[in-house]
Amino acid sequence: MEVSERSKGVFPAKFINDYLWLIQYSAVGFYFLLTFGVLYSCIFVAYPQVFDTLEQKYANIIYLMYVLCNMMGNFFLGSITDSSFKTGYVLSDPPKTWMFCTKCNQHTPPRSHHCFICRACVLKQDHHCFFFTRCVGLRNQKYFIPYVLYVFLGSFHALRTILVYLNTTYVPLEWSFYCIFSYLFPGPIYNWYWDYGDVTFGKFVSISVLYGCFSTTSGCLFLFVGEMFLVARGQTPYEFGKGIRKYSQGVYNNYKQVFGKLFPLNFLFPLPNKTKEEKSPWGEPTFYRSI
Ligand SMILES: [Zn+2]
Ligand SMILES: [Zn+2]
């Protein structure tokens with residue numbers, strides 16, 4: 001009997017389990033705090049200074065709201081969609097490709113792995129997402145990928161707008177000690193205290209938001225490109241590491257399997273759709289067609 005390799009747990013499981021609540025709250029808190037920070041810094045602080053006409057200002061507000069709707073919609077759908085496999089099946093004659101998870105004490109379909117944070121086997125496990133507070137897998141990967149795309153678009157827009165705003169109203173962006181000092185903490189606090197660079201509450205929030213936007217812009221671009229690359233190859237990160245490509249059915253079909261028939265629409269608006277899962281020829285266990 002084969003045991004899922006990830007069931008053995010090579011990660012610092014004890015530390016993550018002990019501080020799980022703190023990590024989850026911090027991730028979700030960071031996400032919402034940054035979202036509010038971006039909305040405040042862009043709409044109330046930067047836009048009135050950066051854009052000369054009302055049309056430009058409203059066009060940018062509409063863009064930001066569109067990004068926000070996609071981000072929040074996919075965040076919501078991804079967070080409520082469970083990719084875990086909790087059937088408790090112990091089969092007398094399991095299909096050869098099925099494995100046995102000793103933690104859940106059940107047989108699991110191919111490509112599923114045990115997540116020690118979710119404490120469950122996850123179908124076509126991609127990774128555990130602390131922002132979704134659950135694993136990204138078979139049923140919610142189609143929400144995760146547009147989600148990271150829109151987080152990237154929103155934070156890149158905010159990063160660019162806030163830098164233009166601070167360049168003209170705070171300290172010009174250049175290679176000088178004063179500039180580096182004024183943007184690196186605790187420099188902005190020092191400037192605020194001693195009245196350098198005309199620091200206001202809005203500017204202080206904008207400088208703080210820059211840090212979050214820089215990390216989410218680079219992180220989400222990396223995740224989006226990486227996920228799209230893996231979906232094109234028909235692999236999970238685990239399979240990529242092991243060089244397994246036997247599940248690939250061609251680029252178009254691989255995308256269709258993750259996103260469904262109308263897959264380009266997932267990138268235009270949050271699109272709730274069910275992953276196709278079919279009954280197997282061997283009876284009770286469900287065969288996951290799209291894995
Ligand atoms: Zn398990
Ligand atoms: Zn998980």
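Predicted model: local features only at pLDDT ≥ 70, side-chain atom pairs only at ≥ 80, totals over all residues.
1. Four donors count as tetrahedral if all angles lie between 85 and 135 degrees. For four tetrahedral donors, the ideal angle at a metal is 109.5 degrees.

2. C118 is partly exposed, at 28% relative accessibility, whereas H128 is buried, at 14%.

3. Zinc ion (ligand 1). Here the protein donors are SG of C101, C104 and C121 and ND1 of H114, lying 2.1 to 2.3 Å from the zinc ion (ligand 1). The donor residues are spaced C-x2-C-x9-H-x6-C in sequence. C104 lies in the loop between β2 (99–101) and β3, and H114 in strand β4, so the pair ties together parts that are 10 residues apart in sequence. With a relative accessible area of 24%, C104 is partly exposed; H114 is buried, with 8%. The four donor atoms subtend angles of 98 to 131° at the zinc ion (ligand 1), and this arrangement is therefore tetrahedral.

4. Salt bridge E239 to R111. A search of the whole structure returns two salt bridges. One of them joins E239 and R111, whose closest N and O atoms are 2.8 Å apart. The pair links distant parts of the chain, 128 residues apart: E239 is in helix α8 (residues 237–242) and R111 in the loop between β3 (106–108) and β4 (113–115). Where do the two partners stand, buried or exposed? E239 is buried, at 3% relative accessibility, and R111 is buried, at 5%.

5. Further contact of R111. Besides the polar contact of 2.8 Å between the side chains of R111 and E239, a polar atom of the R111 side chain lies 3.1 Å from the backbone oxygen of G234.

6. Salt bridge D82 to R134. In this pair the closest N and O atoms are 3.3 Å apart. D82 is in the loop between α3 (54–80) and β1 (84–85), and R134 is in strand β7 (residues 134–136), so the pair ties together parts that are 52 residues apart in sequence. D82 is partly exposed, with a relative accessible area of 32%. R134 also counts as partly exposed, at 22%.

7. Backbone with positive phi. R119 has a positive phi of about 55° although it is not a glycine, and K124, likewise not a glycine, has a positive phi of about 45°. R119 is in the loop between β4 and β5, and K124 in the loop between β5 and β6. R119 is exposed, with a relative accessible area of 58%, but K124 is buried, at 9%.

8. Cis peptide. The bond from F185 to P186 is cis, with omega near 10°. P186 is found in the loop between α5 (177–183) and α6.

9. Surface patch. Which residues form a nonpolar patch on the surface? They are W175, I180, L184, F185, I189 and Y211, with about 670 Å² of accessible area together. I189 lies in helix α6 (residues 187–193) and is partly exposed, with a relative accessible area of 44%.

10. G88 and H107. The C-alpha atoms of these residues, 19 residues apart along the chain, are separated by 7.3 Å. G88 lies in the loop between β1 and β2, and at 43% relative accessibility G88 counts as partly exposed.

Notes: Residues numbered from 1 in each chain as written. Chains lettered and ligands numbered in written order. Heavy atoms only, no water. Patch = residues over 30% accessible without salt bridge, like charges linked within 9 Å, V, L, I, M, F, W, Y side chains within 5 Å. Areas by Shrake-Rupley, 256 points an atom, 1.4 Å probe, with all protein chains shown as cover. Salt bridge = Lys/Arg side-chain N within 4 Å of Asp/Glu carboxyl O. Helix = DSSP H or I, 4+ residues; strand = E, 2+ residues; numbered from the N terminus. Buried < 20%, exposed > 50% of the residue type's maximum accessible area, 1.4 Å probe, protein only. Donors = N, O, S within 2.8 Å, 3.2 Å for Na, K, Ca; no water. Tetrahedral: all angles 85-135°; square planar, octahedral: opposite > 155°, others 65-115°. Polar contact = N/O pair within 3.5 Å; in protein donor to acceptor, adjacent residues only side chain to side chain.
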